[in-house]
Amino acid sequence: MSALFEISDLRISFETKRGQLHAVRGVSLDVGKGESVGIVGESGSGKTVMSRASMGLLRGKRVIRSGSVKLEGVELLTMADNEIREYWGTRIAMVFQDPMTALNPVRRIGAQMNESLIKRLGMSKSEATKRSLELLELVKLAEPASQIKKYPHQLSGGMRQRVMIAMAIACGPEILFADEPTTALDVTVQAQVLDLLEDLRKELDMAMVIVTHDLGVVAGHTDKIAVMYAGEVVEFAPTRELFANTKMPYTEALMKSIPRLDRQKEKRIPVIPGRPPDPTEHNPGCSFAPRCQYAQQKCRDEHPTLEDAGGGHMYRCFFPIGGR
Amino acid sequence: MAGTGKAHLRDSGSAVLRVEDLVIEFSLSGGVKVKAVSGISLDICEGETVAVVGESGCGKSTLAKGIMRLIDTKSGSVNLLDTDLAQLKGEDLRKIRPSMQMIFQDSISSLDPHMKVNELVEQPLKVWRRGDEFARRDKVKELLNSVGLDPDVVGERTPTEFSGGQCQRISIARALALEPKLLICDEPVSSLDVSIQAQILNILQDMKDRYGLSLLFISHDLSVVRSISDRIVVMYSGKICEVSTANALTEHPRHHYTHALISSVPIPDPTRKVVGALLQGEPPSPVNPPSGCRFRTRCPAATDLCAAEEPQLREITPGQFVACHHPRS
């Protein structure tokens with residue numbers, strides 16, 4: 001079975017004053033139908049650029065792109081503007097981190113929701129309003145009838161994120177990208193929104209890609225996880241396999257540096273020394289080598305390729321934990 | 001939840017900071033008053049880290065600003081080393097400021113982008129005329145070294161050249177320049193990546209041991225809070241729900257809100273069953289809080305008593321204080 005969504009060797013660079021900034025350096029990834037994939041990485045790891053490029057949103061003159069992004073075999077990366085617009089919303093949709101800036105502050109919720117239904121699905125205004133109410137009920141927003149008359153600033157962060165999700169699923173996309181969907185929310189509200197996304201995915205049989213910096217968020221809600229570092233996927237595995245049988249030293253270090261409520265309190269939290277590399281610089285070796293406790297000379301000289309450990313577990317390391 | 005009371009305060013002799021019945025009120029348009037902090041009491045002993053956790057809008061940052069007297073308080077007292085800050089004004093207040101310092105969430109914008117790192121860290125020493133030029137220069141070097149920065153490398157640069165984590169290190173060095181007794185940290189690691197967050201938490205721990213600081217740590221993140229604090233205060237809608245040692249509170253929460261808060265923290269372990277959201281809805285508006293216990297509108301155990309009477313903080317097991325009529329067993 002071929003994957004619903006396939007990224008292969010995607011590379012994205014930006015022209016900047018300081019030279020070319022390589023944000024994504026050869027990412028390959030696939031998402032099956034109805035599958036849920038987590039993309040985890042720290043700031044600057046390229047996770048957001050990768051997801052936006054996958055949506056076909058990065059299209060300026062200063063963006064240098066190569067590789068391919070395919071939805072059911074159709075190339076999205078080089079698609080013309082008017083063609084890809086037909087895909088947005090109906091086949092591929094996105095939920096952003098900050099629902100306040102993603103919503104138009106001077107238009108009522110109802111009007112914003114109706115827009116895509118009228119334009120994309122050709123509904124009449126009354127049909128669209130009816131559907132909007134159904135969608136808001138689907139995302140469990142309390143009292144939808146009164147909410148559609150409100151402006152975004154009159155809703156709380158959690159409610160706004162529910163509206164954003166309702167808008168994203170309005171035209172029945174096959175794949176939903178959620179870029180840090182809960183980062184701006186409080187923990188109790190975050191738990192509600194994660195539950196909601198999980199329910200919707202199952203109910204609508206929709207594939208989902210959750211982009212986040214928080215391993216905790218994806219651990220309980222995904223089938224597979226890709227860990228990104230310095231523009232590359234350094235480890236990609238089924239979720240349980242990734243945690244049970246971590247291969248990549250970066251993934252291990254990341255897991256250890258999170259203070260955890262379910263473990264004994266440690267006097268000192270293990271840290272990853274240093275910080276991620278500058279994306280304008282080119283490093284011949286492994287990008288994590290300068291911070292890696294297991295690094296050897298080979299790691300500094302040669303760039304590791306993605307190795308297959310079997311069972312869909314890929315990693316990018318010469319000296320993986322537990323051996324090859 | 002949402003209780004008042006002072007049962008959890010310890011002997012006043014041992015406390016560096018002792019806040020009693022603090023109320024902070026804001027005026028809204030139309031003469032409406034909103035109590036952001038509604039009768040909070042807490043104390044911090046020497047060398048202790050006390051954390052205040054709660055969700056957005058619970059009043060935790062307002063509480064920190066009120067203690068620092070960055071905003072005016074309506075009633076109650078804030079005793080720092082036996083001086084009531086709430087009563088101080090003008091020059092008297094200014095004179096006590098060196099003994100309490102604060103670091104903020106957004107470390108980049110809390111540093112003047114036009115000043116060099118050396119100047120930033122030296123500024124408090126200059127303002128307070130501590131030592132001569134040479135002594136100050138040595139002190140700046142010592143401070144930068146202690147937060148893990150190389151003074152020769154960073155000293156002549158400006159904050160714009162640094163990342164959030166490094167700016168937070170500079171903020172810590174600057175805050176410690178005057179050797180304060182109390183350091184208030186308002187969400188100091190919330191905007192940092194996990195690998196950097198751990199570095200900053202360890203630095204705060206080192207600084208505490210080295211300078212004998214007391215820390216008031218404000219955060220929304222319970223896992224971060226547990227890793228650094230001795231005692232945790234849980235706030236909801238301007239009131240305290242539960243106060244206890246960090247381990248007791250996270251391992252055996254007695255208040256329903258604390259329990260829900262802990263269950264909501266996502267655990268990076270896929271073999272654990274996801275509990276899902278225990279709480280529905282969102283915190284009440286502080287403009288028009290519910291009667292009695294403020295948590296009752298979302299509480300699974302609420303009864304008529306909770307609407308009629310506000311629970312007081314009481315010691316439920318030694319060292320664990322809960323403001324609830326029907327605490328969890």
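Is Thr49(B) buried or exposed? In this predicted model, Thr49(B) has a relative accessibility of 0% and is therefore classed as buried, the cut-off being under 20%. The residue belongs to strand 3 of chain B, which runs over residues 49-53. Its side chain makes a polar contact of 2.7 Å with the side chain of Lys208(B). Apart from residues up to four places away in sequence, Thr49(B) touches Lys208(B), Leu215(B), Phe217(B), Ile228(B), Ser229(B), Asp230(B) and Arg231(B).

A buried residue of chain A, Ser45(A), was examined in the same way. Ser45(A) sits in the loop that links strand 3 (36-40) to helix 1 (47-54) of chain A. Because its relative accessible area is 3%, under the 20% limit, Ser45(A) counts as buried. A polar atom of the Ser45(A) side chain is 2.8 Å from the backbone oxygen of Glu42(A). With residues up to four places away in sequence set aside, the residues touched by Ser45(A) are Ala23(A), Met228(A), Tyr229(A), Ala230(A), Gly231(A) and Glu232(A).

The two chains share an interface in which 44 residues of chain A contact 45 residues of chain B. The area buried between them is about 3900 Å², and carbon and sulfur atoms account for 54% of this. Of the area that chain A buries against chain B, 19% comes from Thr188(A), Leu261(A) and Lys265(A), more than from any other three residues. Two salt bridges are counted between the chains. Arg268(A) and Asp206(B) form a salt bridge through their side chains, with an N to O distance of 2.6 Å. Polar contacts between chain A and chain B number 14 residue pairs, both residues being at pLDDT 80 or more. On the side of chain A that touches chain B, at least two residues each come from helix 7, helix 8 (187-204), helix 9 (215-219) and helix 10 (239-244). Helix 8 gives the most to this side, with seven residues. By residue class, the side of chain A that touches chain B consists of 17 nonpolar, 13 polar and 14 charged residues.

Arg298(B) has contacts in both chains. It is placed in the loop between helix 10 (256-264) and helix 11 (304-308) of chain B. With a relative accessible area of 9%, Arg298(B) falls under 20% and so is buried. The side chains of Arg298(B) and Tyr236(B) are joined by a polar contact of 3.4 Å. Gln280(B) lies 18 residues from Arg298(B) along the chain, and their C-alpha atoms are 6.8 Å apart.

Two helices of chain A are mostly covered. Helix 7 (residues 157-169) has 13 residues and spans 19 Å from its first C-alpha to its last, close to the expected 18 Å. Of its 13 residues, 11 are buried, among them Gly158(A), Met159(A), Arg160(A), Val163(A) and Ile169(A). In helix 11 (residues 249-256), six of the eight residues are buried, namely Pro249(A), Tyr250(A), Thr251(A), Glu252(A), Leu254(A) and Met255(A). The buried residues of helix 11 pack against strand 3, helix 9, strand 9 (224-229), strand 10 (232-238) and helix 10 of chain A, and also against helix 7 (194-211) of chain B.

Most residues other than glycine have a negative phi. Glu72(A), which is not a glycine, has a positive phi near 45°. Glu72(A) lies in the loop between strand 4 (63-71) and strand 5 (74-75) of chain A, and its relative accessible area of 48% makes it partly exposed. Arg129(B), likewise not a glycine, has a positive phi of about 50°. Arg129(B) occupies the loop between helix 3 (117-127) and helix 4 (133-146) of chain B. At 72% relative accessibility, Arg129(B) is over the 50% cut-off and is therefore exposed. Gln87(B), in the loop between strand 5 (83-84) and helix 2 (90-96) of chain B, is also exposed, with a relative accessibility of 59%.

Conventions. Residues numbered from 1 in each chain as written. Chains lettered and ligands numbered in written order. Predicted model: local features only at pLDDT ≥ 70, side-chain atom pairs only at ≥ 80, totals over all residues. Heavy atoms only, no water. Helix = DSSP H or I, 4+ residues; strand = E, 2+ residues; numbered from the N terminus. Expected span 1.5 Å × (residues − 1). Buried < 20%, exposed > 50% of the residue type's maximum accessible area, 1.4 Å probe, protein only. Contact = heavy atoms within 4.5 Å. Buried area = accessible area lost by both parts, 1.4 Å probe. Salt bridge = Lys/Arg side-chain N within 4 Å of Asp/Glu carboxyl O. Polar contact = N/O pair within 3.5 Å; in protein donor to acceptor, adjacent residues only side chain to side chain. Nonpolar A, V, L, I, M, F, W, Y, C, P; charged D, E, K, R; others polar.
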